[in-house]
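The sequence and structure are shown first.

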Amino acid sequence: MEPGAGESSATDDYESLISTTDSELLKRAWRNEKAAPEILKFEAALVQRSRQQIQLMEETVEEFAKNGVDPLTVSLYQMDLDRTLFLLRSYLRTRLQKIEKCVLHIQKTAELWNRLSKQEQKFAVRCAGDLTQHLEQTVLSKLPDQYQSHLKQSGASEGDDMVPEPKLDIYIICRSKKFLGAFQLDDSGEEPVNIEADDLYALPYKSIKPLVESGQIDLV
Amino acid sequence: MAASSDSQASAFSAAELEFLAEDEMIEIVPNMRMDPLNFVSGDFGPFRPQIATQVPLWLAVALKRRGKCMIRPPEWMSVEKLAQVLEAERDSEKFQPLPFHYVEISRLLFDHAREDIPDVYMVRSLIEDIKDVRFHKIGTGLEIISKERTYALRLKNLSAMEANIVRPFVTRALETFYKLSGPEMIQESDHLSNRQPQATNRGPRRQLKDR
């Protein structure tokens, strides 16, 4: 088990790396996933480690209960277990919601598809299949020939314009751990934004996407 | 479909914010003896009577509810400190530095550890006043940005709960600005300006609002 959870305010990169517990990382992944409009990269290693820790803890609690350890202690361990389980489940659930919303788009886009875990990919395939089948049976098969595709509006459409896409130009509230200096929002020629450490900013998600992926900015 | 179309608006519910706040550390004075606890989220203890120790807020509240400890309110929660902060909030346009989760922490302590807070009624009314003043400032601040086109906002020293409440309005407003000032719109108005001699004046451009 790693040391206490309150130490991640270290300024040094290395220090903050070794003192960030899995619990903190899971919390961060959960927060980012909840606030971001598109699906982020699946934290496979983190989820795997968390599941192992949870399983270990569940066995420990069972043993405690069997050996008649003080019920207060047992209930406290159970509370901690419940909290961690909630984080993990909510993280996975949020991702599933996002997949459901834009499943056709995710299937088409290789970059997004690669962000899903194996099980999520299976889920997405089934979800897309169900959705397509449902649309075809209820509506599309009854429309004239030109309009029967679930991807295109009509035979004359150039791209797949019936596929909903996540809106990347929404604004999100975020915070940076370090001073990032002048940051160019986008190419429209506006002046760069000065990003200080620990202040909240409302910025377009598109502009800070790479920073979120590299872990320099947290979504709040 | 699971998600509503509005799910971006308030990304976090109040309960989820409280969940996040419950991981903040706080000092307690246990009245019993207990061995160290090795949780997934960290190791805490050992607990000895009358020896103060730091634990996460959720653990402190759980122990308090079972009558196993006394909670020491954080040092920012004293009448003097809060009175200072209130004074400074009223005098200045900027937001005073406060703990990020001050709303949630104070709420949890009022609900579960009322007797451990000296002058609890005074403290409570001070915090309510601080909340009101800050909200009022948010309102006037938003009025300012509505007059000019803004690309980004700096929300210095805003707390978690306030940011969450303000999030739907701020994000949608900024998005609309962004959409209305996009290059496509500028091109369109170029077409129009062939017929109308006057180009539309969109007012001065301001990059960043510092509050």
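The sections below describe the cavities, then the aromatic rings and the charges over them.

The model is predicted: local features need pLDDT of at least 70, side-chain atom pairs count only at pLDDT 80 or more, and totals for chains, interfaces and linings use all residues. Residues are numbered from 1 along each chain as its sequence is written, chains are lettered from A and ligands numbered from 1 in the order in which they are written, and side-chain values use heavy atoms, with hydrogens and water left out.

**Cavities**

The structure holds four cavities of 30 Å³ or more. A cavity is a set of points, on a 1 Å grid over the protein atoms alone, where a 1.4 Å probe fits but cannot get out; lining residues have an atom within 4 Å of a point. Grid points are joined across faces, edges and corners, and a volume is the space filled by probe spheres set on the points.

| Cavity | Volume | Lining by class |
|---|---|---|
| Largest | About 80 Å³ | six nonpolar, one polar, three charged residues |

The lining of the largest cavity includes A:Pro37, A:Glu38, A:Lys98, A:His105 and A:Pro166. At least two of its lining residues come from each of α4 (71–101) and α5 (103–108) of chain A; helices are DSSP runs (H or I, at least four residues), numbered from the N terminus.

Among the residues lining the second largest cavity are A:Lys27, A:Asp80 and A:Arg83, together with B:Phe19, B:Asp23 and B:Trp58. Two or more residues of this lining are given by each of α2 (22–35) and α4 of chain A, and α4(A) supplies the largest share, four residues.

**Aromatic rings and charges**

Over all chains, nine aromatic pairs are found. The ring centres of A:Phe64 and A:Tyr77 lie 5.3 Å apart with planes at 75°, so this pair is edge-to-face (centres within 6.5 Å, planes over 60 degrees apart). A:Phe64 belongs to helix α3 (residues 44–67) and A:Tyr77 to helix α4 of chain A, 13 residues apart. A:Tyr77 counts as buried because its relative accessibility is 5% (buried means under 20%, with a 1.4 Å probe and protein chains only). One aromatic cluster comprises A:Phe64, A:Tyr77, B:Phe39, B:Phe44 and B:Trp58.

A:Arg175 lies over the face of B:Phe100, 4.3 Å from the ring centre. Within chain B, the charged end of B:Lys137 sits over the ring of B:Phe95, 5.4 Å from its centre. The criterion is NZ of Lys or CZ of Arg within 6 Å of the ring centre and within 35 degrees of the ring normal.

Key: On a 1 Å grid over the protein atoms alone, a cavity is a set of points where a 1.4 Å probe fits but cannot get out, and a pocket is an open set with protein on both sides within 12 Å along at least five of seven lines; lining residues have an atom within 4 Å of a point. Ala, Val, Leu, Ile, Met, Phe, Trp, Tyr, Cys and Pro count as nonpolar, Asp, Glu, Lys and Arg as charged, and the others, Gly among them, as polar. Rings of Phe, Tyr and Trp (its six-membered ring) pair if their centres lie within 6.5 Å; planes under 30 degrees apart count as stacked, over 60 as edge-to-face and the rest as tilted. Buried means under 20% relative accessible area, exposed over 50%, partly exposed in between (1.4 Å probe, protein chains only).
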